[in-house]
Amino acid sequence: MSVVLASRPHARRARLTVNGDTVEADIEPRTHLADFVRDDLHLTGTHLGCEHGVCGACTILLDGEPARSCLTFAAACDGADVVTIEGLDDDAVAAELRAAFTREHALQCGFCTPGMLVAARDLVLRLSEPDERRVRLGLSGNLCRCTGYAGIVRAVMAVIADRQARGETAGGHEASRMLGPVGAHCPSVEDVPASLHAVSGPESAAGTKAPPIPVDGTFSPAHRFRQTFTVAFPPEDVFALFGEVEAVAACLPGAFVEHLPAPDRIVGGLRVQLGPIRASFRGQAVIERDEAARTGRILGAGADAGGRSATQGEIRYAVTPDETTGTTSVTLDVGYTLKGPLAQFGRPGLVRDIASRLTSSFAGNLEARLAGAPATRNDVPSGLNPARLLFSLAFDRLMRGWRRLIGRDGPRS
Amino acid sequence: MKPARFALARPRDLETALSLLAEAGEAGKIMAGGQSLGPMLNLRLVEPELVIDIAGIEELRRFGHEGDRLVIGACITHADIEDGRVPDIGDGVLARVASGIAYRAVRNRGTLGGSLAHADPAADWLTTLMALDAMVEVASKAARRRVPLGSFVTGALATALEPGELITALHVPAIAKGARFGFVKHCRKVGEFAHAMSAVVIDPERDRLRAVTGAIDAPPLVIEDAHALLGKTRSSGSVRRFDPGIVDAAFQTAGIEDAVDRHVHATVLRRAIENAWPVMPDRSRRQAA
């Protein structure tokens, strides 16, 4: 049987073998393999749970090996051999496993079962003896919320033991396989989009206009940390510079000031980068300064484009002379709260790492500026990007150790 | 969630990939196995306009030797190393690390180069290959260069890759004869990102003990001469000398603020040393024999 699906905008043509049938389709690049088999081919036995590689419900066979179909883009599988749970009807090992699952009550609601069977089949083919520890380790990437795994483990071990008793040897099926990611084949022709602009990409950071969200004076931050740095200039000069909002922003990679509606208010934002994550936060901040004590507080709030992630934060700064060296010491006490998708990253330590890199670049720029050099507006040199954080805290903010974001048990490439 | 719309390019060779990357600039993102980028795309934390899929490029799926170094293509997967389709640098060192990464379904697609380019501080390869003193080979349209892994990682999720550059291969030196390797990580659940991780290389011939602690909120911490952690007398292979106080101070200096975190990292480091130590030949006994 051969299926040809209708053409779609921006789609890439790919030809796959799915459960033995040739499927040629125009596939949108962002469609992952699980959605492709479910939505386009109506093979709904593949289940989708977390969609970030943790739960294992979507596990299928790609070139004969288990893979996460939620982390594999269908258009990138041109030339691949795909087998879903429907394709394992006549598979001898899968048949034995189905019988054993039934016998051992290895399923209840059945949601995890298709992925579980694919993972179990792989274990049966790779383990030469029913080693419970290895079976349990092997099933750790497939979450089952009903059974407590007892029946599943018994079922898998029983099938391994039966095969061993019949003299069917495990292992070796993967020895001859091609190197590199399963399912990734060299395209038969150069497969390169004619034009980047054919795609409606995300809005550029500069063009985003999130409405300023109000600053809440009573806010109490979820996370706090402290940064200190030293500047080789007198404290009065440093404190004076801190009073010039635009000068401060110019020293801070990624920060921009749109306007100053009042002497103590700023509307502006911050472009942030953490690894491949880029976000632009826009919002407003309120500034308080105590001339006598040479301290200040910047309280801000902001949101990214579309308002999906929001942040609120404060920086309290103190400028103190360092008598012994004749320099000035600056202490920043940062507190922030993050909401929305980026908050799922929840690794305060990563924020600190970024903040310390930001602080050192900020201190360098500040010093250059005090020395009379125009501060370079470092708009996005890749190494320092993550930086922006600090200010972001002042005003907006975001970011995060994204592992959490992928639930911490996320996979890695 | 589903990814935002992006265009996909699947170049057949490295030169085309590099041209595309140079042209796309910040709008482009390299993808190999997609096991780190995939979740970020699905959660729309990353919204590139162009994804350049390099997984099919033959040149990046090869391995070879250069002197006593193993050269591993960037698109070699964890499972390739786990299964021994790529030679090891000695005694199953790489295979052992590979077999503990995430889950088999992830290892079948996740790549060595992708893991390093992503530079997650809790990634197994980052810590391991820093302990093994590996080098990263990167290429851009203009040039190729090699960067020691220690200076390649500049921060959490941050690397020394310049715009237009991608990782083509890893150069991993063979483990010296008689040297031992220890690797321990701590996860609440098998396969998840580690909360603590240490790799050590002990080379009695050269009297070296190099330790790396990863899974901290910064680039992995390299302790070049970890003998200091063991106190002055370390004879007879005993790890009883492991001094948690010294380690604690080192971690504190490295910015690990939480005392419980420091304790966990120190315990994992001690276990990594213990884990390597028992198989180390006892020098005095060997000399006597």
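In this predicted model, helix 2 (residues 92-103) and helix 5 (residues 150-165) of chain A bring their axes within 9 Å of each other and cross at roughly 135°. That helix pair is a handy way in. From there, this briefing goes through the sheets of chain A and then turns to chain B.

**Helix 2 meets helix 5 in chain A**

- With an angle of roughly 135° between them, helix 2 of chain A and helix 5 of chain A are therefore oblique to each other.
- As for handedness, helix 2 of chain A passes helix 5 of chain A in a right-handed crossing.
- On the helix 2 side, the contact uses Val93(A), Glu96(A), Leu97(A), Ala100(A), Phe101(A) and Arg103(A).
- Helix 5 of chain A answers with Ile152(A), Ala155(A), Val156(A), Ala158(A), Val159(A), Asp162(A) and Arg163(A).
- Sort the residues of this contact by class and you get 9 nonpolar, no polar and 4 charged.

**Chain A at a glance**

- Chain A holds 10 helices and 13 strands.
- Of its 413 residues, 57% are buried.
- Take the contacts in chain A with a separation of 6 or more: 64% of them link residues 24 or more positions apart.

**The seven-stranded sheet of chain A**

- Here 7 strands of chain A make an open sheet with antiparallel pairing, in the order 7-13-12-11-10-9-8.
- Strand 7 (223-231) and strand 8 (255-262) of chain A sit at the edges with a single partner strand each, so one side of each has no neighbour in the sheet.
- Ignoring direction, neighbouring strands of this sheet are turned by 25° against each other on average.
- Inside the sheet, strand 11 (residues 295-304) and strand 12 (residues 310-322) of chain A are joined by 9 bridges in the antiparallel sense.
- If you want a spot to look at in that pairing, Ala303(A) stands opposite Ala310(A) in strand 12 of chain A.
- Helix 6 (residues 235-242) of chain A packs on this sheet, touching strand 7, strand 10, strand 11, strand 12 and strand 13 (327-339) of chain A.
- The direction of helix 6 makes about 160° with that of strand 12 of chain A.
- Strand 10 (residues 277-290) of chain A includes Ala285(A), which counts as buried because its relative accessibility is 0%.
- Ala285(A) and Gly302(A) are 17 residues apart in sequence, while their C-alpha atoms are 8.6 Å apart in space.

- Strand 4 pairs with strand 5 (residues 65-68) of chain A in the antiparallel sense over 4 bridges, and Ile60(A) stands opposite Ala67(A) in strand 5 of chain A.
- The hairpin of strand 4 and strand 5 of chain A has 2 residues between the strands, and Asp63(A) takes a positive phi near 50° there.
- Strand 4 of chain A also runs antiparallel to strand 6 (residues 81-83) of chain A, with 2 bridges joining them.

- Over in chain B, 3 strands form an open sheet with parallel pairing, in the order 1-3-2.
- The edges are strand 1 (7-9) and strand 2 (28-31) of chain B, each pairing on one side only.
- From one strand to the next, the twist averages 25°.
- Strand 2 of chain B runs parallel to strand 3 (residues 50-53) of chain B, joined by 4 bridges, and Met31(B) has Asp53(B) as its bridge partner in strand 3 of chain B.
- Helix 1 (residues 14-24) of chain B lies across strand 1, strand 2 and strand 3 of chain B, running at about 165° to strand 3 of chain B.

**Helix 9 meets helix 10 in chain B**

- Helix 9 (residues 244-253) and helix 10 (residues 259-276) of chain B pack at about 125°, with their axes 10 Å apart.
- That angle makes helix 9 of chain B oblique to helix 10 of chain B, and helix 9 passes helix 10 in a right-handed crossing.
- Val247(B), Asp248(B), Phe251(B) and Gln252(B) in helix 9 of chain B meet Arg262(B), His265(B), Ala266(B) and Leu269(B) in helix 10 of chain B.
- The residues of this contact divide into 4 nonpolar, 2 polar and 2 charged.

Technical notes. Residues are numbered from 1 along each chain as its sequence is written. Chains are lettered from A and ligands numbered from 1 in the order in which they are written. This is a predicted model: local features need pLDDT of at least 70, side-chain atom pairs count only at pLDDT 80 or more; totals for chains, interfaces and linings use all residues. Side-chain values use heavy atoms; hydrogens and water are left out. Buried means under 20% relative accessible area, exposed over 50%, partly exposed in between (1.4 Å probe, protein chains only). Two strands pair if DSSP finds at least two bridges between them. Axes are lines fitted to C-alpha atoms, for helices over the stretch in contact, and angles run from 0 to 180 degrees between N-to-C directions. Contact means heavy atoms within 4.5 Å. Angles under 35 degrees count as roughly parallel, over 145 as roughly antiparallel, 65 to 115 as roughly perpendicular and the rest as oblique. A crossing is left-handed if the near helix is turned anticlockwise from the far one by less than a right angle, and right-handed if clockwise. Ala, Val, Leu, Ile, Met, Phe, Trp, Tyr, Cys and Pro count as nonpolar, Asp, Glu, Lys and Arg as charged, and the others, Gly among them, as polar.
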